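Let's walk through a protein structure together, step by step.

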Amino acid sequence: ADVTDASPIKAKPALPDAQKVTEVTHWTDRLFSFRVTRPASLRFRSGEFVMIGLMGDPHPETGKQKPLLRAYSIASPSWDEELEFYSIKVQDGPLTSKLQHIQPGDEIILRPKPVGTLVHDALLPGKRLWFFATGTGFAPFASLLREPQTYHDYDEVIITHTCRGADELKYGAALIDSIRNDEMLAELIGEGFADKIRYYPTTTREESPKMGRITDLLRKGEVFEDLGIDPIAPEHDRAMICGNLAFNLELKDLLEEFGLKEGANSDPQTYVVEKAFLD
Ligand code: A2P
């Protein structure tokens, strides 16, 4: 190799769009969440995502580093001073193999251009709002569950979360628990707002109080029985979907059978979908 490659005068490049990590929580050996500082100019709608990442390894010949970015749903609500993210750890994943080691004080790259379809603007008014998540697809709903508009616009908010194992439900369960006990949030949104939340966690490969894929439980009508509610109908139900691709497709079909129609920012309808981003 050329000796200039190892030139010691090369300054470490400053991160573009750098934000500081303030908190990291490891939920399982495959899942973690973290919080970072929020750029003062960043405005977003609860449910949207941004590109975040780290500097990649130096190019073996040129030594140049390029940012390694992935789409991440913002898990914190639009009013929060910081930004929260919920991530999988993939041992050979280009980004998450590194990202899982971040510590408070470290910097990440955050491109301040929020986008996405899991937003209130993409739905027509309704009475019940369903959030359907698998795995880390819970993230945008962690944002929307803390968003005042969710409770101002709907009488009931039903969040279903399907994971393989029971420990994968921990982040969501802890979040809902914290929402129910958050006095500041009650002051912001309105006393008793949390009574509108119905939480319906299910597992598919490990024992838990409710087992099965949410799609099967919907088809059998078991979800409606368990919650003591009417089946999904386009007159009053609205839905947002965020999970793995097969899940999204199957649930879309199912919701269409119930009479719901896919919406977008430019064309609000009765449900919207976004895939959970994986490394
Ligand atoms: P299952 O264990 O029966 O595959 P993953 O970890 O693969 O992303 O899956 C997360 C959860 O989503 C798992 O509980 C998995 O159930 C469930 N799942 C996967 N595909 C579908 C589908 N087509 N419909 C409903 N649930 C699904």
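Helices (H or I, at least four residues) and strands (E, at least two) are runs assigned by DSSP, and they are numbered from the N terminus. What you are looking at is a predicted model, in which local features need pLDDT of at least 70 and side-chain atom pairs count only at pLDDT 80 or more, while totals for chains, interfaces and linings use all residues. Residues are numbered from 1 along each chain as its sequence is written.

Start with the whole protein. It has eight helices and eleven strands. Along its principal axes, the C-alpha trace spans about 70 × 40 × 35 Å. How does the radius of gyration of the protein agree with that of a compact globule? The radius of gyration is taken over C-alpha atoms, and the globule rule is 2.2 Å times the number of residues to the power 0.38. For 279 residues a compact globule would have a value near 19 Å, and the protein has 20 Å, which agrees.

Next, look at how the chain is divided. The domain assignment gives domain 1 (3–115) and domain 2 (120–275); such bounds come from an automatic or database domain assignment. Taken over C-alpha atoms, the centres of domain 1 and domain 2 are separated by 27 Å. The contact between them takes 16 residues from domain 1 and 14 residues from domain 2. Two residues are in contact if their C-beta atoms, placed from the backbone, lie within 7 Å. On the side of domain 1 that touches domain 2, strand E1 (18–28), strand E2 (31–37) and strand E5 (82–88) each supply at least two residues. E5 gives the most to that side, with three residues. The residues of that side of domain 1 divide into seven nonpolar, eight polar and one charged. For these classes, Ala, Val, Leu, Ile, Met, Phe, Trp, Tyr, Cys and Pro count as nonpolar, Asp, Glu, Lys and Arg as charged, and the others, Gly among them, as polar.

Now let's go inside. A residue is buried if 20 or more other C-beta atoms lie within 10 Å of its own, exposed if 12 or fewer, and partly exposed in between, with C-beta atoms placed from the backbone. By that count, 37% of the 279 residues are buried. In soluble globular proteins, nonpolar side chains tend to be buried together. A nonpolar core is a set of buried Ala, Val, Leu, Ile, Met, Phe, Trp, Tyr and Cys residues joined through C-beta atoms within 7 Å. Here the largest nonpolar core has 58 residues, and those with the most contacts inside it are Phe 131 and Phe 141. Strand E7 (residues 128–134) gives the largest share of this core, five residues. The core draws at least three residues from each of domain 1 and domain 2.

Find Phe 131 and look around it. Not counting residues up to four places away in sequence, Phe 131 touches Phe 141, Leu 144, Ile 159 and Met 240. Of these partners, follow Leu 144, which lies in helix H2 (residues 139–144). Leu 144 counts as buried because it has 25 C-beta neighbours inside 10 Å. Leaving aside neighbours within four places in sequence, Leu 144 is in contact with Ser 46, Gly 47, Phe 131 and Thr 150.

Is Thr 202 buried or exposed? Thr 202 counts as buried, since 21 C-beta neighbours lie inside 10 Å. Beyond four places in sequence, its contacts include Thr 160, Thr 162 and Met 211.

For contrast, turn to two loops. Gly 56 lies in the loop between strand E3 (49–55) and strand E4 (67–73), and with 15 C-beta neighbours inside 10 Å, Gly 56 counts as partly exposed. His 101 is found in the loop between helix H1 (96–99) and strand E6 (107–115). With 12 other C-beta atoms within 10 Å, His 101 is exposed.

Finally, look at the ligand. Of the 13 residues around it, Thr 134, Thr 204, Arg 213, Asn 244 and Ala 246 come nearest; a residue is near a molecule or strand if its C-beta atom, placed from the backbone, lies within 6 Å of it. Strand E8 (156–163) and helix H8 (245–257) each supply at least two residues of this shell, and H8 gives the largest share, three residues. By class, the shell has three nonpolar, six polar and four charged residues.
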